[in-house]
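Please read them alongside the coordinates.

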Amino acid sequence: MMTVSMDAQVWAKEQFGSCDLKDQRRTNRLVGLAASVLCNPAGSLPEQMADMAILRAAYRLFARDRVTFEAIAGPHWELTRQRAPGTYLVLDDTTELDFGIRRGIPGMGKTGNGGGLGFLLHSALMVGADSEEIFGLAGQKIRYRKPTPKKENTTQRLKRDRESELWGQVIDLVGQPPEGVRWVHVMDRGADNFEVYCHCREQQSDWVVRVTQKTRKVIVPDGTTMALSKYLDTLPVAGTYDLQLRAHGPQPARGHQKKREAQPARTAKLEVRFGRLQVPFPTQQSPYLKRLSSVPIAMWVVHVVEVDPPKGAEPVEWILLTSLPVDSFEDAWRILTYYEKRWLIEVCHADYGEKDNLYRGGRWAYISRTCVIEAGPLVPAVQALGFRRKLMRYVREDVVPPRAQREPISASC
Ligand SMILES: [Mn+2]
């Protein structure tokens, strides 16, 4: 029989003790379950539960109608959002959880290139702006991918519900910051979408977003409209810095990341530029945009690009759009440090990936099939909360993930 430490029980009570599952006994069971999960966050559910009776009880709990993803994780999101005055980063990202095609779990959607079954999980992880402190998840949303219609025009596409709306939905779920608090949503290329900026504004939140299309049209300070790449060419160099890049093997294309050839380690010389611009209101509008006033949104752009990359190497380049004013190299530098924090959400999601074998462990076949099915979205919710501590340990013990190797070694302006 494994023992659950007092510390884990205190934590579990704080995070899950106020979950409204319409029966206090269910909440108590959930608290006990979460404490066990926390003691072995990397294990599968059968490994985390002390014995078969407790494991069966866990699956029975998950099978209840009232026990939903939101009901379990909601109080934790709420706790995360209660912050003292200051600036916090909200790192948003989507990951896929694949439960395998052979398990035949009904209600799941296609994952990967269509070869898996599972769902998309979009998470908002709240971290310190000037520290590596992790406060927890501020909101999450699950989406089951549906087949997209084969023949449709832009108008039809904008009318139906789209996967890209996940960003805005989670921004709305995280909501407006409390008095004296500033939230900066830090998002990757998947979020470079006018609707995302509108959601941030509606929630009185700031953003840093990596640009997808260099060719996107922008309105420059003198009022002319041009391609973003053209505008970047006109900006003066504000400063330079060196970046140590690790060697890496060949990487296949994944998500919105392109295929990469193997590269030896190198020191990249980077130039930093910044400027003001406006992103024009789209000509093709979704029903959501039609409700808003059709004015452009003023932002700043920070451009970092490697000069003289070695032959055959893809130059390092980041183009970031932000609502935060950038008037100096120091301001641009701060925006870069915000974007560099994204490795935290990537590690968080990689952790879910390991959970692919949630129900392996050899014993899951003993459990009634329905229970396993119902538990699908719930187990990751519980695991996610245990994850916060694991991540804090990574930070404390200085376990450096690949992305953090991109630390600047010197800067000048
Ligand atoms: Mn992403």
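1. K22 is exposed, because 11 other C-beta atoms lie within 10 Å of its own; a residue counts as exposed at 12 or fewer such atoms, as buried at 20 or more, and as partly exposed in between, with C-beta atoms placed from the backbone. K22 sits in the loop between helix 1 (6-16) and helix 2. Its phi is near 65 degrees, a positive value in a residue other than glycine. Most residues other than glycine have a negative phi. Helices (H or I, at least four residues) and strands (E, at least two) are DSSP runs, numbered from the N terminus.

2. This is a predicted model, in which local features need pLDDT of at least 70 and side-chain atom pairs count only at pLDDT 80 or more, while totals for chains, interfaces and linings use all residues. Residues are numbered from 1 along each chain as its sequence is written.

3. How confident is the predictor? The mean pLDDT of the protein is 80, and 79% of its residues reach 70 or more; pLDDT is the predictor's confidence in each residue, from 0 to 100. Over residues 353-377 the pLDDT is below 50, although this stretch has 41 contacts in the model beyond near neighbours in sequence. Residues 393-410 also have pLDDT below 50, with 23 contacts beyond near neighbours. Two residues are in contact if their C-beta atoms, placed from the backbone, lie within 7 Å.

4. Q204 belongs to the loop between helix 8 (194-202) and strand 6 (206-210). With 12 other C-beta atoms within 10 Å, Q204 is exposed.

5. Overall, the protein has 14 helices and 13 strands. Of its 413 residues, 35% count as buried. Among contacts between residues at least 6 apart in sequence, 68% join residues at least 24 apart.

6. Helix 2 (residues 24-39) has 16 residues, which at 1.5 Å a residue should span 22 Å; its end C-alpha atoms are 23 Å apart, which agrees. The expected span is 1.5 Å times one less than the number of residues. The buried residues of helix 2 are T27, L30, G32, L33, A34, A35, S36, V37 and L38.

7. Helix 4 has 12 residues and reaches 16 Å from its first C-alpha to its last, close to the 16 Å expected. Which of its residues are buried? They are L55, A58, Y59, L61 and F62. Seen down the axis of helix 4, these fall within an arc of 155 degrees, so they line one face of the helix; the arc is that of the directions from the helix axis to the C-beta atoms. The face turned away from the buried side carries the exposed residues M52 and A53.

8. L61, in helix 4 (residues 52-63), is buried, because 23 other C-beta atoms lie within 10 Å. Not counting residues up to four places away in sequence, L61 touches R26, R29, L30 and V67. L61 and L21 are 40 residues apart in sequence and 9.7 Å apart in space, C-alpha to C-alpha.

9. On the strands: 11 bridges join strand 10 (residues 266-279) to strand 11 (residues 297-307), and the two run antiparallel. Here R276 has W300 as its bridge partner in strand 11. Strand 11 is joined to strand 12 (residues 317-322) by six bridges, also antiparallel. H303 has I319 as its bridge partner in strand 12, and V301 stands opposite L321. Strand 6 is joined to strand 12 by three bridges, and these two run antiparallel; V209 has L321 as its bridge partner. Two strands pair if DSSP finds at least two bridges between them.

10. The largest nonpolar core has 54 residues, and those with the most contacts inside it are V90, L125, V186, V208, V301, V302 and L320. Apart from it lies another core, of 19 residues, among them A12, V37, L38 and L61. A nonpolar core is a set of buried Ala, Val, Leu, Ile, Met, Phe, Trp, Tyr and Cys residues joined through C-beta atoms within 7 Å. V301 touches F274, G275, L277, I319, L320 and L321, not counting residues up to four places away in sequence. In soluble globular proteins, nonpolar side chains tend to be buried together.
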